[in-house]
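Open the model in your viewer and keep the selection tool at hand. We will go stop by stop.

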Amino acid sequence: MIAVSIVKFYICVKYKIMIKKILIALVVLFVLIQFFRIDKTNPVSAIENDFIEIYQPPVEIAAMLKTSCYDCHSNESKYPWYTNIAPVSWLVKHHINEGREYFNFSEWTSLTTKKQNHILEECAEEVEEGEMPLPSYLIMHSESKLTQDQIETLEHYFIDLREELSTSNK
Ligand code: HEC
């Protein structure tokens, strides 16, 4: 009986030491990764190349674009406090890089008419399906979440603009 208790006690102590070691390793790792900081400088682009500047959408639409899309699809990304903390910072930077790569509202004029047309179509679709803004982004940006009414308004704005541009380019 005593022997069994001793063995149990021994295993218990061993586990406690192991868990403590893992926790210490995780804390050390967390501290170390903080040295890998992200670059928060936004690229500079001329205002006349900016989507909102060019099309002058209604204030309501411009506001939606700024609060729900511009953080990742423009050169006006904002970096809140938690973007100082790795690995969240890496994820944010990755989204911004990837978002800008798809298209950048601040550099709208660098796209061909065909590409602009395609992106407007995609924008309407992504918004309608609730794919954009990215759901993971909304966890920390409740103000960027679009209501059903806003989704429809924005979707129709993209569709109408696309229509307008394709007829004016014919
Ligand atoms: C948190 C960053 C973020 C925000 C905010 C965001 N996007 Fe995106 N967007 C991305 C990323 C990353 C991709 C590429 C990967 C993907 O499709 O998931 C993307 C892709 C897209 C695409 C291309 C989709 C495809 O598959 O071809 C469209 C169109 C788009 N976004 C529109 C929008 C619109 C419109 C808004 C605002 C209502 C918006 N996005 C807000 C990050 C973002």
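**Stop 1**

Select Gln56, in the loop between helix H2 (51–55) and H3. Helices here are DSSP runs of H or I with at least four residues, strands are runs of E with at least two, and both are numbered from the N terminus. This is a predicted model: local features need pLDDT of at least 70, side-chain atom pairs count only at pLDDT 80 or more, and totals for chains, interfaces and linings use all residues. Residues are numbered from 1 along each chain as its sequence is written.

Look at the backbone of Gln56. Its phi is positive, about 45 degrees, although Gln56 is not a glycine. Most residues other than glycine have a negative phi.

Is Gln56 buried or exposed? Gln56 counts as exposed, because it has 10 C-beta neighbours inside 10 Å. The scale works like this: a residue is buried with 20 or more other C-beta atoms within 10 Å of its own, exposed with 12 or fewer, and partly exposed in between, with C-beta atoms placed from the backbone.

**Stop 1: Zoom out**

Show the whole protein chain as a cartoon. How many helices and strands does it have? There are seven helices and zero strands. The radius of gyration is 24 Å, well over the 15 Å that the globule rule gives for 170 residues, so the chain is more spread out than a compact globule. That radius is taken over C-alpha atoms, and the rule is 2.2 Å times the number of residues to the power 0.38.

Turn the model along its principal axes. The C-alpha atoms fill a box of roughly 90 × 35 × 25 Å. Buried residues make up 18% of the 170 residues.

Now colour by domain. Domain 1 covers 1–33 and domain 2 covers 47–168. These bounds come from an automatic or database domain assignment. The two domain centres, taken over C-alpha atoms, are 49 Å apart.

**Stop 2: Around the ligand**

Select the ligand and its shell. Of the 18 residues around the ligand, Cys69, Cys72, Gly99, Met132 and Tyr137 come nearest. A residue belongs here if its C-beta atom, placed from the backbone, lies within 6 Å of the molecule.

Which helix gives the most to this shell? H5 does, with five residues. Helix H4 (88–102) and helix H5 (113–128) each supply at least two.

Colour the shell by class.

**Stop 3: The cores**

Next, select Met64, Phe103, Ile119, Leu120, Cys123, Val127, Met132, Leu154, Tyr157 and Phe158. These ten residues form the largest nonpolar core. A nonpolar core is a set of buried Ala, Val, Leu, Ile, Met, Phe, Trp, Tyr and Cys residues joined through C-beta atoms within 7 Å. H5 and helix H7 (148–168) each give two or more residues to this core. H5 gives the most, with four.

Centre on Val127. Leaving aside neighbours within four places in sequence, Val127 is in contact with Met132, Ile151, Leu154 and Glu155. Contact means C-beta atoms, placed from the backbone, within 7 Å.

A second, separate core has eight residues, including Cys69, Cys72, Ile96 and Phe105. In soluble globular proteins, nonpolar side chains tend to be buried together.

**Stop 5**

Move to Leu146, in the loop between helix H6 (135–138) and H7. Leu146 counts as partly exposed, because it has 19 C-beta neighbours inside 10 Å. Not counting residues up to four places away in sequence, Leu146 touches Met64, Ser68, Ile151 and Leu154. Draw a C-alpha line from Leu146 to Ser68: they are 78 residues apart in sequence and 7.8 Å apart in space.

Then pick Thr67, in helix H3 (residues 59–68). Thr67 has 16 C-beta neighbours inside 10 Å, so it counts as partly exposed. With residues up to four places away left out, Thr67 touches Glu143 and Ser144.

**Stop 4: Two cis bonds**

Finish with two prolines. Pro87 sits in the loop between H3 and H4. A cis peptide bond joins Ala86 to Pro87, with omega about 5 degrees. Pro133 lies in the loop between H5 and H6. The bond from Met132 to Pro133 is cis, with omega near -5 degrees. Most peptide bonds are trans.

Methods:
Two residues are in contact if their C-beta atoms, placed from the backbone, lie within 7 Å.
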